[in-house]
Structures are given as C-alpha cells and as structure tokens.
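Welcome, and thanks for taking a look at this protein with us. Please have the sequence and the 3D view open as you read.

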Amino acid sequence: MSKPKVFITRHIPREGLDLLKEQVDLEIWDKSEPPPYSILLEKVQEIEGLLCLLTDQIDQRLINHAPHLKVISQMAVGYDNIDVQAATNREIPVGHTPGVLTEATADLTWALLMAITRRVTEAEDYIKQGKWTTWQPMGLLGSDFVGATLGIIGLGRIGRAVARRARGFNLNILYSQPHRLEVGLEQELGVNYVPFEQLLKESDFISLHTPLTEKTYHLIGKNELKLMKETAFLVNTARGGIIDQKALYDTLKQGEIAGAALDVTEPEPLPKDHQLLTLSNVIVTPHIGSASYQTRSKMAIMAAQNLLAGLQGQPLPNCVNY
Ligand code: DGY
C-alpha cells in the first residue's frame with residue numbers, strides 16, 4: 001500500500017522526523033526560510049498531511065486548493081496563521097502543541113523581564129562602546145522586583161507558569177482576562193483578579209500571555225499605554241499583533257513608560273531599521289520563547305503524533321477544532 005504524502009515546511013528536530021519517516025512519504029522544505037506561498041499552494045495539491053509552522057500562511061485559499069488534505073499539524077501552540085474555520089468547513093482537523101513549551105516560554109519571559117528592568121543589554125553595549133571607566137553610583141540604575149506589582153494579561157498555561165516564578169521574587173501579582181479563575185486556583189498561584197484598566201494602572205511590570213485573535217489585536221494601544229505608570233515595563237512573549245507598535249514607539253519615545261521587551265513583533269521578522277530598534281530601553285528577540293533543545297524536540301514529537309493520528313483518521317491528541 002502506498003504511504004500518505006506529507007509536506008513539512010522546514011527541517012524540524014529529528015525526534016519528530018523519526019516518528020514519521022517509516023510511515024509516510026515525506027517531503028521536507030530544505031531551506032532555512034519558509035516556503036513561499038506559491039510553493040505551498042503547489043505542494044498542498046498532492047498531499048494528505050501538512051506539518052507547518054507559525055511562519056506559514058495557511059488560509060482559506062490554500063486549504064481549498066488541497067483536495068486530498070486530511071490533517072494540518074502545526075508545530076506551535078499558537079495557530080493564528082491558520083484559518084481554522086476554513087479547515088473545519090472541509091472537516092480537516094488542525095493540531096497544535098500545547099503544554100510542552102509552557103515552561104520554556106515562561107523562562108524567556110523572565111529572562112526578558114529581568115534584562116529590561118536591570119538594563120542588561122544596555123549595560124553590555126555600554127562596555128562594548130568603551131564607556132566603562134569606573135563604578136558609577138548613579139549609572140545604569142534599574143528597578144527592584146521585591147514588593148513590586150506584576151500584571152499578567154491572560155492567565156492560561158504560560159501566564160500561570162510566569163506567576164509561579166513571580167512568587168519566588170516576592171512580587172504582588174495581578175491578572176486580567178475575560179473569565180476569573182476559581183478562587184482555590186487564584187490562592188494557589190497567589191494572584192488577584194482585577195479589571196483590565198486597573199491592572200494597567202497599578203502594575204510595575206506587565207506581561208502578555210493571551211492568544212492573538214480579532215479581540216486581542218492591538219489590545220495594548222495608545223489609550224492602554226497611557227494608563228500605565230511612567231516607570232512601568234511591558235513584556236510580550238505572546239504575539240506581536242497584541243501591541244500597537246506605533247503607539248508603543250511613541251509612548252517609549254516620550255518617556256511615558258520605562259521600557260519594553262518583545263520576543264514577538266508585527267511583522268516578523270522586524271526590519272532591522274525599525275524605529276523600535278533605535279531605542280535603548282527596548283529589547284527585541286526573534287521569537288525564541290520555545291527555543292530550547294528539549295522543548296523544540298517535544299514540540300516536533302507532538303506535531304508528528306497529531307499528523308499521524310489525522311492521517312489514520314483518528315482523533316488528534318491535541319486538536320484545536322474537534
Ligand atoms: C508558539 O508555539 O505558538 C510559540 O509562539 C512558538 O513556539
């Protein structure tokens with residue numbers, strides 16, 4: 001019997017490929033950049049399984065160009081690049097990789113929060129520019145964590161992992177999202193539910209952990225940034241589109257908040273001459289929240305398992321639409 005044809009849009013960790021190679025007729029896009037949309041359109045005409053990444057635009061047109069497609073498996077927890085409704089209309093399950101990247105992403109959130117509040121990248125530049133001539137009693141001062149307030153927008157898996165870390169730093173933790181958690185869980189996490197505006201006004205550090213949807217697009221815009229303290233820092237390891245970057249730039253430039261650390265931007269990649277990169281109180285990293293060997297390997301395994309289940313007509317272990 002012939003094996004089902006599968007297209008993978010980039011090389012992924014070996015642990016995922018090992019699960020697939022005996023079972024499917026595999027084609028891997030062999031470049032470090034994503035396949036252009038025109039290539040994807042061509043490839044999907046033949047295949048039964050697609051293993052894709054957040055850099056691939058899987059829209060209605062593409063899905064409707066794939067007559068044999070049985071499963072879309074995304075190697076990421078977020079899937080805002082996929083038109084899930086279009087897939088559902090064709091009864092194609094869409095898989096993703098929740099859970100396995102929670103801790104790695106929470107770790108990076110902390111790395112960014114600590115780096116921006118204690119000016120780590122700025123301090124490194126200071127040395128490289130030959131400015132370190134003596135110990136400065138007033139130089140490169142940052143902000144303490146102890147006793148400060150962290151506001152978490154979106155207390156799902158990753159938001160909670162961030163909250164657990166925050167307790168070790170003796171922070172007060174506020175959270176905001178559409179639905180309040182059970183009181184027992186709030187107590188366990190040591191978090192207080194507050195309205196969105198209150199969180200913006202009272203937090204010293206704000207971290208975003210909400211998916212990108214129509215409702216959360218530019219959730220943090222000019223008005224929201226205006227509510228933040230002048231001394232506050234904003235961290236985003238979720239999706240770039242949650243922040244209106246133009247408004248963020250203006251706010252930072254006018255000194256209306258203290259700094260921002262972004263692992264995700266709009267667009268990605270952020271052009272190297274983007275105005276945000278001219279500011280010393282901004283850190284930008286290239287969407288590396290889940291970028292540890294262990295985590296990427298688990299994501300690849302999970303994506304492969306979702307793909308195989310879909311090809312066999314079985315329920316996907318981690319499915320977003322069924
Ligand atoms: C995700 O999985 O959605 C992250 O943004 C990348 O790992």
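This is a predicted model: local features need pLDDT of at least 70, side-chain atom pairs count only at pLDDT 80 or more; totals for chains, interfaces and linings use all residues.

Residues are numbered from 1 along each chain as its sequence is written.

**Domains and annotation**

- The protein is divided into domain 1 (5-100 + 293-311) and domain 2 (102-284); such bounds come from an automatic or database domain assignment.
- Taken over C-alpha atoms, the centres of domain 1 and domain 2 are separated by 31 Å.
- Five residues from domain 1 and six residues from domain 2 make up the contact, where two residues are in contact if their C-beta atoms, placed from the backbone, lie within 7 Å.
- On the side of domain 1 that touches domain 2, one residue is nonpolar, three are polar and one is charged (Ala, Val, Leu, Ile, Met, Phe, Trp, Tyr, Cys and Pro count as nonpolar, Asp, Glu, Lys and Arg as charged, and the others, Gly among them, as polar).
- An unreviewed UniProt entry carries the annotation "domain: D-isomer specific 2-hydroxyacid dehydrogenase catalytic" for residues 6-321; positions are given in the numbering used here, feature names are shortened, and annotations may be inferred rather than shown by experiment.
- Across residues 6-321 the chain is 35% helix and 14% strand, with 21 Å between the end C-alpha atoms; helices (H or I, at least four residues) and strands (E, at least two) are DSSP runs, numbered from the N terminus.

- Strand β1 (residues 5-8) pairs with strand β2 (residues 25-28) in the parallel sense over four bridges; two strands pair if DSSP finds at least two bridges between them.
- From β1 the chain passes through helix α1 (residues 14-21) to β2, a right-handed β-α-β crossover (with the strands pointing away from the viewer, the path from the first strand over the helix to the second runs clockwise).
- K5 stands opposite D25 in β2, while I8 has I28 as its bridge partner in that strand.
- β1 also pairs with strand β3 (residues 49-52), in the parallel sense over three bridges, and there the bridge partner of I8 is L51.

**Residue T295**

- T295 lies in helix α12 (residues 293-311).
- T295 counts as buried because 20 C-beta neighbours lie inside 10 Å (buried means 20 or more other C-beta atoms within 10 Å, exposed 12 or fewer, and partly exposed in between, with C-beta atoms placed from the backbone).
- Beyond its neighbours within four places in sequence, T295 is in contact with V100, L101, A104 and S290.
- From C-alpha to C-alpha, T295 and E230 are 36 Å apart in space, and they are 65 residues apart in sequence.
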